[in-house]
Structure formats: structure tokens, C-alpha cells
Amino acid sequence: MLGAPPAQRFAFKGKGGDLFVVLIVNMLLTFITLGLYYPWAKARKLSWYYEHTELDGHPFHFHGTGSEMFRGFIKAIALLLLIYGTYIVGVLTKEVTIVLVGILVMFVGLLAFIPLVIHGSLRYRSSRSSWRGIHFGYRGQLRELYRICLRDGLLTLITLGIYASWFTINVRRYTLSHMRYGSSSYAYKGDGTEYFLLNLKGYFLTLFTLGIYAFWWQRDLFNYYVNNLVWNFQDGKRIDFKSTATGGGFFGLMVVNLLIIIFTLGIGFAWVEVRTMRYVMENIRMEGDADLNAVVQTEQEHKNAMADDLGDLMDIGVFF
Amino acid sequence: MCSSEVEREIPAVFYDGVTSKPQEATVRVSDLNSLEVVLPDGARFQWPLEHKGMEWERSSSMLRLSFGDHPRRVLLIRDELFIKSFVLRMRYTGRQGGYDRILSFARSGPVAFFLGVVALLVCAYLWVLPWAAERLVLLVPTSLDERIGEAAYQQMAFALKEDQGKTVALQAFGDAMELSPSFEPRYHVVEDAQVNAFALPGGHIVVFTGILEKMSSAGELAALLAHEATHVEKRHSTRMMARSMAGYLFLSLLIGDVNAVVTLVAENANALRNLDYGRGLESEADGVGQEVLFANDLDPMAMVRLLELLEREATDVPEVLAFLSSHPLTEDRITAARERAGSLGVPQRPNERLGVLFEQLHPTTDQPTDEMPSSDN
């Protein structure tokens, strides 16, 4: 295997027109039901993306259903209403101390949800994803994630944001290193210092080149994500992920995407999504001779979608 | 299944749910209610079609059957002919979901479907939404208007330099008429050079000294109060809020997933439409205000004189640009007011009391330096 170029094994087979129809039907049904269809629409959309993403010619599958996401959606709304409701009641009492405590509780309360949202979303989404009938899974501990977020959050505050690079990578390393595919598992080797330097370089070069370097910065971020990801198998073998994305590639992708959006007044959105997915999937290559047939089912089902919906409502992007 | 499908062996991929090894299986239709699956090692089993644990999904290029408890066994079939007859058979026994029907309908004519959905949304936005928002306001008690207006007035009162004496006089002037039966208007005179006045929901009506000084008759002031009181009486602020909130909800519902360009276009269109609605409310305040004037034995032509005054001042003084945006003074408004005044006519017993009250508010002798505003704007 030495010397062989990394193989292209991922592919995205979706067509823009097909996604467009799915999205329009979602829009219609969401509208007719005054928004209640939202969880089902989300399930349809995710299913479509999974179904058209292939590894070695086999599609992924999303098992999540609208009804289980609806239950999560209702729970998430109830939780947010409780927090905002407490805050509003506090404001109505018109007592300054109570109002201040209310504001504090609201912000701290919402911040405190972030690790929960990350943890719950990862558990739900991974458990409801499969490839060749084997489910993915997330085995991270919520307590540990809270510990990382609290420690790194404070350090980021103290260092006026500089520590954010380490924060990002520490969370990414912890979560990705606890992702599994049946009996196989993943690991992330990234490190905050390297990521910080990469961002520092990207920031200043983008500034000096009046924004042109932004595409190469984007490439570096993508590569840092992909190239540090490892897939470990029970027999000790492994697969390394390698990115073949280039700055020029990102440049072409993003400029054409922008033109499509502008000239179609946004209607070409589906085609932009498809172009992006195709570029990403074609540029994540794999290196290694591990046997993908030997993975055994290990993970239990996890059907609680509350954290995932909470993330949607709070606009927290867990998936990059 | 069609009889031609019976003999055929359909290639399929089978995942057993235990390991990740895919198996190249063949599928045959054995009877009406099940498929026979043959694995590469010769093992064969029946796959029931009418079973609670059997689920199927059809995407654009393949059919996915799954069966059993977690971990489920899965069959993937890409044979187009088979998929077609399978879907027909499932539809025959009623096992095709509503979603699949809508989706295949949409796929049969995506462009027409898209245009249809857009037309539906536009209609809903233009007609259903405003109707629903107005109905909603009717359900909201008028005490809410009062609470909102009171809170808003308390917040801005710090910044307003109220002339207490004139406020009392204006209150007496307003109380001499019946302007807003549902609310109790509270009038305030504020020292400010702007030729402006505004009403808050629930009854606070603020008149700047700038506009009082420009007035030459009690009728003009009565027209101004009638106009502002109509905003209060007809709950224009609350209606406006209900409209823009409904519009905002509508948009966020629809374009929650769509990109920033669509959001930008849609939000601006919504803002423009609210502005348009705002102009409609101004016209209503003019018209109803004139009827109120007439009911109070005042000449509705006073509204025309007020509008002419505002138009004159708007072109003279740049500070009133802000006034222009909320009160678009066009020839149209003046023309409409003149027509309404003509059809309403002149009241039989002219209202004399207001003249005396107006003199208290408009002493032309004690404020000679009206060029120098004493308060900050």
C-alpha cells in the first residue's frame, strides 16, 4: 500500500433538481401545518442527504423519524419557554434585583445548554445513522464534556478569546474520539497550538491579500479537520483520512455558488448544496488496508431527539 | 406483482444487521405477500410484505426494505422495473404514505409544482395573513394597548420636556370633544421645534409646540387630535405590531432553512409592505378623523388645512424628514380629504367653545423667538 495515492471512496450522488423537489414539498407541508411539520421536514431532508452519500458504492442511511423528532421538538420548546417565561415573569415584577437575576439565569441557563446540545445531538444523530446496516454511535460522557467546556470557556474569557482555538480543538478531539462505527472507532489527532497558528496565518494573510487568501484559509481549516481523523479497527488496522481539497478548488466552488445564489435570487439553493456536498465528498480520501467488511454491530438505539431539536431552536451548529 | 415480474430474479444487496459485510442477494416474487431472498451461500428465506415490522422507503434511485427489531435487516434494490411494480403493489393495498404521493406528484412536474407552491404562499401572505392578524387583534383586550402605551410613555417621558400648563389646556381642548369612545386620550404638549405629533397605543397623544405654533385655527388642532385619536381608537399600533409579527413569523417559518439572500429579499419585501400598510392607516386616520370632526360639530375641511400646513412645513424645514416617512403627505391625501369634506358637508351648529380653549394654547404674543428651539431634539 505504500506509495499508493489515497483512494477516492466517498461519493455524493444527489442531483440538485431532486433536492429542490424535496425542499419545496417540505416547504409546502411546513406551511400548511403552520410549522408543525418541521421535524418531519428535517427528517426527510437528512434522509435525502444520507441516501445520496456513498462509501464504496454503499449509501448511508438516516433512521430518525419525524415523530421522534417531533417529541424532541416539543420538549425543546417547553424547556425554552420555561427559561424565557421565568425571565419574563422576573421582568414583570419590575424589581431591579429580580430582573438582573433573571437576566443572569437566562444567559447562564442558555450557555449551560450548549454542552448538553452537543452531547445529545451527537448521540442522537450517530445512533440514527448507519452504513451497510451497522449503526454509528457516540460514547462520550456528558460530565467530561461539561468539564472541558467550563475549563476552556473560562480560559477563553481570561485570554480575551485567544484560547478559543484550543477550546474548539479540545471539544472536537473529545467528541470525534468517542465516535464509533459498530466495533470500530475514530480518533482525532488535532492540537490547539497548530490550529491557532493556522488561524493566525489565515487571518493576517487574508487581511494582506484583501480577502483572496480566505479560500486557502478555508482549505487549511478543512484539511486540518480531515487529515487528523483516523478510523481504528478491532484488528489493529486503521484508515487515515486525507484531504485533496485545494484553495483553487474552494475558490471555484464558492464563487460559482455565490453567483448561482445571486442570479437565481436564492432559488438555486439546492444546486449549491449539491455542488458543495460533491466537492467535500470527492476530496475526502482514504488511506489504509483495513477490512470494512469485518465490523460488527455494537451500538444500542438512542431515540431521544430533544437535544438535537434544542440545538436547532438555539441555532447551535453541532455538525460542520 | 405483475406476472412478468414473477419469473425474474432481481439483484439486491442484503445487510444482515450483524456485520458490515454486504451480500449480493437475489430477490424473487414468491407469492402476493412475500419475496424470496436468496443469499450467495445458498441460504434462502421469505421476506413478508404485509407485516408491521416491514418498512419500505423509495428514494430517487433505489428501494430500501427493512425488517425486524434493531438491528434491522435491510434489502437494497436498484432495479427500476421492480421498483415501479413494487410501488404499484404497495399502493394497491394502501401501504403508500401520503408523503410519497405528494413527492411523486411534485416530481412529475417540478416547475409547475414550484410555481403552484409559490402562488399559494403569495396568496396566503397577501390575504390570509393580514386577515388572521386583524382577527387576532380583536381577541386581544384593549387593556393591552393601554399597558403597552403606558410602558412606552414612561420610558420616553424622561427625554420629553413637557409644558405642564399647555398640557392642561390641551387636555381641556381634547375633552371638549368626543374623539375616542373606547379609550381615554391623555394629551401632552412637549417643547420641541419639530412640526410633529404622535399617538401611542392606549391613549397618550403627544403634540410638539412646533406644530402648535404653526396653526392658525382651533379647527386645525381639532383635526390633528381627531387624526391621532383615530390611531388610538382604531388600535393602529397594535394592528401594525400584529401584522409585522405575523409577517415575521410567516417568513421565518418558510425560510428557516434557506440562505441569506432569500432572507434579505423577503425581509425587505416585508418591510416595504408594512410601510405600505402604514400609509393605509394614515389615510384611515384622516378619513375617520374627519367623521369624528363632523360628529363634534366641526368643519371636516379643517383636516385639509392641517394637511396643507404639514405639507408646507415639510418642504420648508429639513427636520421634519422623519415625519415624512411615517406620514407620507401627498397630494392624494389632501385630495381625498377635500372630497370627503365635500360629501360630509358643514355642520349645522358650529362648535364655538373650542376657539376660546385654542387661544390658551396659542398665545401669539408671549413666544416671539420661535426660531430658537429651547429643547434638544
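Q: Helices here are DSSP runs of H or I with at least four residues, and strands are runs of E with at least two. By that count, how many helices and strands are in chain A?
A: This is a predicted model, by the way. Chain A has eleven helices and ten strands.

Q: How do you know which parts of domain 1 of chain A touch domain 2 of chain A?
A: The test is C-beta atoms within 7 Å. Domain 1 of chain A covers 10-62, while domain 2 covers 64-288 + 297-313. Their centres sit 20 Å apart, over C-alpha atoms. The contact takes 22 residues from domain 1 and 20 residues from domain 2. On the domain 1 side, β1, α1, α2, β2 and β3 of chain A each supply at least two residues. Of these, α2(A) gives the most, with seven residues. By class, that side has 15 nonpolar, five polar and two charged residues.

Q: What makes a set of residues a nonpolar core, and which members of the largest one touch the most others?
A: The members must be buried residues of the nonpolar kinds that qualify, joined through C-beta atoms within 7 Å. The largest core has 43 residues, and B:Val207, B:Ala222 and B:Met303 touch the most other members. Helix α8 (residues 218-233) of chain B gives the largest share, nine residues. Leaving aside neighbours within four places in sequence, B:Ala222 contacts B:Met177, B:Leu293, B:Leu298, B:Ala302 and B:Leu354. Apart from that core lies another, of 29 residues, including A:Phe73 and A:Phe136.

Q: How many residues of chain B and chain A are in contact?
A: 29 residues of chain B meet 29 residues of chain A. On the chain B side, α3, α4, α9 and α10 each supply at least two residues. There, α4(B) gives the most, with five residues.

Q: What is the make-up of that chain B side, by class?
A: It has 19 nonpolar, seven polar and three charged residues.

Conventions. Residues numbered from 1 in each chain as written. Chains lettered and ligands numbered in written order. Predicted model: local features only at pLDDT ≥ 70, side-chain atom pairs only at ≥ 80, totals over all residues. Contact = placed C-beta atoms within 7 Å. Nonpolar A, V, L, I, M, F, W, Y, C, P; charged D, E, K, R; others polar. Buried ≥ 20, exposed ≤ 12 C-beta atoms within 10 Å, placed from the backbone. Domains from an automatic or database assignment.
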